[in-house]
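Please find below a note on the model under review.

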Amino acid sequence: MSQRSLVLLKPDAVRRGLVGEIIGRIERKAGWTLAALELRELDQETLEQHYGEHKGKPFYEPLMGFMQSGPVVALVVEGERVIEGLRTLAGPTDPIAAAPGSIRGDYGTIVRENLIHASDSEESAIRELKIFFPGLV
């Protein structure tokens, strides 16, 4: 069953020149394709829609500031079990806990700046795609 997922390559991935490496890893996964790709600056309204569930948590304001600190690359990736697969490819948020071979395990430095976002469920993917790529939903 084919799925779609939102992927955000965060400002630290863009700043560190890791966009090509991360997209290459996604493209090399058999059966996955890129349906959309865009470099963009995220405004406050978009971030509030995307991260609204975290409002009031201690990391919310630093996260919002980080996500506005530079451009991100937003992608739509589609394929068989892509949501689960992208989460595995990204690795846990904490780069110390992330296995070598995962994006965060290989390139992550700190929890707060963790290179990549990937939708965590089909419901989240639908909600997030409506925010970032409304014409594709």
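The points below treat the basis of the model, the chain as a whole, and then selected residues.

1. Basis. This is a predicted model, in which local features need pLDDT of at least 70 and side-chain atom pairs count only at pLDDT 80 or more, while totals for chains, interfaces and linings use all residues. Residues are numbered from 1 along each chain as its sequence is written, and side-chain values use heavy atoms, with hydrogens and water left out.

2. Secondary structure and dimensions. The chain holds 7 helices and 4 strands (DSSP runs numbered from the N terminus: helices are H or I of at least four residues, strands E of at least two). Read from the N terminus, their order is β-α-α-β-α-α-β-α-α-β-α. The chain is as compact as a globular protein of 137 residues, because its radius of gyration is 14 Å, close to the 14 Å of the globule rule (taken over C-alpha atoms; the rule is 2.2 Å times the number of residues to the power 0.38). The C-alpha trace spans about 40 × 35 × 25 Å along its principal axes.

3. Burial and contacts. Of the 137 residues, 46% are buried (under 20% relative accessible area, with a 1.4 Å probe and protein chains only). Among contacts between residues at least 6 apart in sequence, 74% join residues at least 24 apart (contact means heavy atoms within 4.5 Å).

4. Lys10. This residue occupies the loop between strand 1 (2-9) and helix 1 (11-15). Lys10 is buried yet has no salt bridge, and the nearest side chain of opposite charge, Asp12, is 6.7 Å away (a salt bridge places a side-chain nitrogen of Lys or Arg within 4 Å of a carboxyl oxygen of Asp or Glu; Lys and Arg count as positive, Asp and Glu as negative, and His and the chain ends are not counted). Beyond its neighbours within four places in sequence, Lys10 has contacts including Tyr51, Phe66, Leu115 and His117.

5. Leu115. Leu115 lies in the loop between helix 6 (103-107) and strand 4 (116-118). Its relative accessible area is 0%, so Leu115 is buried. Its phi is positive, near 70 degrees. Most residues other than glycine have a negative phi.

6. Arg81. A positive phi, of about 50 degrees, also occurs at Arg81, which is not a glycine. Arg81 is placed in the loop between strand 3 and helix 5 (82-90).

7. Gly79. Strand 3 (residues 72-80) contains Gly79, which counts as buried at 5% relative accessibility. Gly79 and Ser2 are 77 residues apart in sequence, but 4.7 Å apart from C-alpha to C-alpha. Leaving aside neighbours within four places in sequence, Gly79 is in contact with Met1, Ser2, Gln3, Gly31 and Trp32.

Notes. Buried means under 20% relative accessible area, exposed over 50%, partly exposed in between (1.4 Å probe, protein chains only).
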